[in-house]
Structure formats: structure tokens, C-alpha cells
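Visitor: Hi, I have a structure to look over. Could you walk me through it?
Guide: Happy to, let's bring it up.

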Amino acid sequence: MGQLKTKRVYDPVEAEDGRRVLVDRLWPRGIKKERAQIDWWAKELTPSAELRKLYHAGEMPFEGFAAAYLDELEASAEAKAAAIKIRDDLADGDVTLVYATKNTEQNHVQVLERWLRHDIQRELSLQK
């Protein structure tokens, strides 16, 4: 099984990235598709526009945003289907979740990565 990684879309593309999955709702500014080298764009794994706007406007602390975003992921059949696709991709090699935000410490990708890792662990424990 490959590794699940995260990386800014503005960082150089490397062979070690494996499959590159864009996990932003909007296409990153100033990045051409050829440069981004995205294998698939998983909009279904992104926070809702309303939630994203509240957080970016400073109207919601990160902890509240993270909890609300996790609720959205858990309630979304599309997000769960995308998680299965990522799990399948990981069976073939590494997967890098690519995003644009400058804040690498508190962003939706950190929440998403944690949710996906939990999903993968849950699936592995069910297979035993």
C-alpha cells in the first residue's frame, strides 16, 4: 500500500507524488493544467462554499470549521465514493492530496487527510 501525502500545488511536481488529486473547490490561481499535473480533481472532497467562506472570513475558528467539515464528509455519499477511489489508488502506489492555500498548518486538507486515514484504518480492520 502506498503513502497518503499532502502538498501545495505551487510546489514542484515530483515522481514520488504518485497520483496527484486536487482537493480544492476552485482551480488554483496562476496554475496551468500542464504544470499542475493533476490526475483527478476531487471537488466532492472539499468543504461546502458556505463553510469555506465562513472560515476564510474569520467568522469560524479552525476547530469549529474542522468539526463542521468532518460532518459534511460523513454525510456525503460522493465524498465516501471518492475516499474509496483514493483507497484503491493507494493500493497501486502513493497518492498526494494537492491544494493551493498558503496556510499549511490549519486548512481543510489537514482535516481531509485525517478523515481519509481514519477511513483507511477502518477498512483495514474490517478486512481482518
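Guide: What follows is a short tour, from the overall fold to single residues.

Visitor: Great. What kind of model is this?
Guide: This is a predicted model.

Visitor: How many helices and strands are in the protein chain?
Guide: The protein chain has 5 helices and 4 strands. In sequence order they run β-β-α-β-α-α-α-β-α. The radius of gyration is 14 Å, close to the 14 Å that the globule rule gives for 128 residues, so the chain is as compact as a globular protein of that length.

Visitor: And what box do the C-alpha atoms fill?
Guide: Along the principal axes, the C-alpha atoms fill a box of roughly 40 × 35 × 25 Å.

Visitor: What share of the residues is buried?
Guide: Of the 128 residues, 41% count as buried. The accessible surface of the chain comes to about 7500 Å², and 50% of that surface belongs to carbon and sulfur atoms.

Visitor: What about contacts between residues 24 or more positions apart?
Guide: Taking the contacts with a separation of 6 or more, 62% of them join residues 24 or more positions apart.

Visitor: Charges next. How many positive and negative side chains are there?
Guide: There are 21 positive and 23 negative side chains. The centres of the two sets lie 4 Å apart.

Visitor: Let's change topic to aromatics. How many aromatic pairs do you count?
Guide: The count comes to 5 aromatic pairs. One of them is F62 with F65, a tilted pair with 6.1 Å centre to centre and 40° between the planes.

Visitor: Why does 25° make F65 and Y69 stacked?
Guide: Planes under 30 degrees apart count as stacked, so the 25° of F65 and Y69 puts the pair in that class.

Visitor: How far apart in the helix are F65 and Y69?
Guide: F65 and Y69 are 4 residues apart in helix α3, about one turn of the helix. Y69 is buried, with a relative accessible area of 0%.

Visitor: Which residues form the aromatic cluster?
Guide: Y55, F62, F65 and Y69 form one aromatic cluster.

Visitor: Nice. And A81, what is its distance to E44?
Guide: A81 and E44 are 9.0 Å apart, C-alpha to C-alpha, and 37 residues apart in sequence. A81 lies in helix α4, residues 77–92, and is partly exposed at 45% relative accessibility.

Visitor: Last one: where does D94 lie, and what does D94 touch?
Guide: D94 lies in the loop between α4 and β4 (95–99). At 24% relative accessibility, D94 counts as partly exposed. Not counting residues up to four places away in sequence, D94 touches G2, Q3, K5, E16, D17, G18 and R19. D94 and A66 are 28 residues apart along the chain, and their C-alpha atoms are separated by 25 Å.

Key
Residues numbered from 1 in each chain as written. Predicted model: local features only at pLDDT ≥ 70, side-chain atom pairs only at ≥ 80, totals over all residues. Heavy atoms only, no water. Helix = DSSP H or I, 4+ residues; strand = E, 2+ residues; numbered from the N terminus. Rg over C-alpha atoms; globule rule 2.2 N^0.38 Å. Buried < 20%, exposed > 50% of the residue type's maximum accessible area, 1.4 Å probe, protein only. Contact = heavy atoms within 4.5 Å. Areas by Shrake-Rupley, 256 points an atom, 1.4 Å probe, with all protein chains shown as cover. Lys, Arg positive; Asp, Glu negative; His and termini not counted. Charge placed at Lys NZ, Arg CZ, Asp CG, Glu CD. Phe/Tyr/Trp six-rings, centres within 6.5 Å; stacked < 30°, edge-to-face > 60°.
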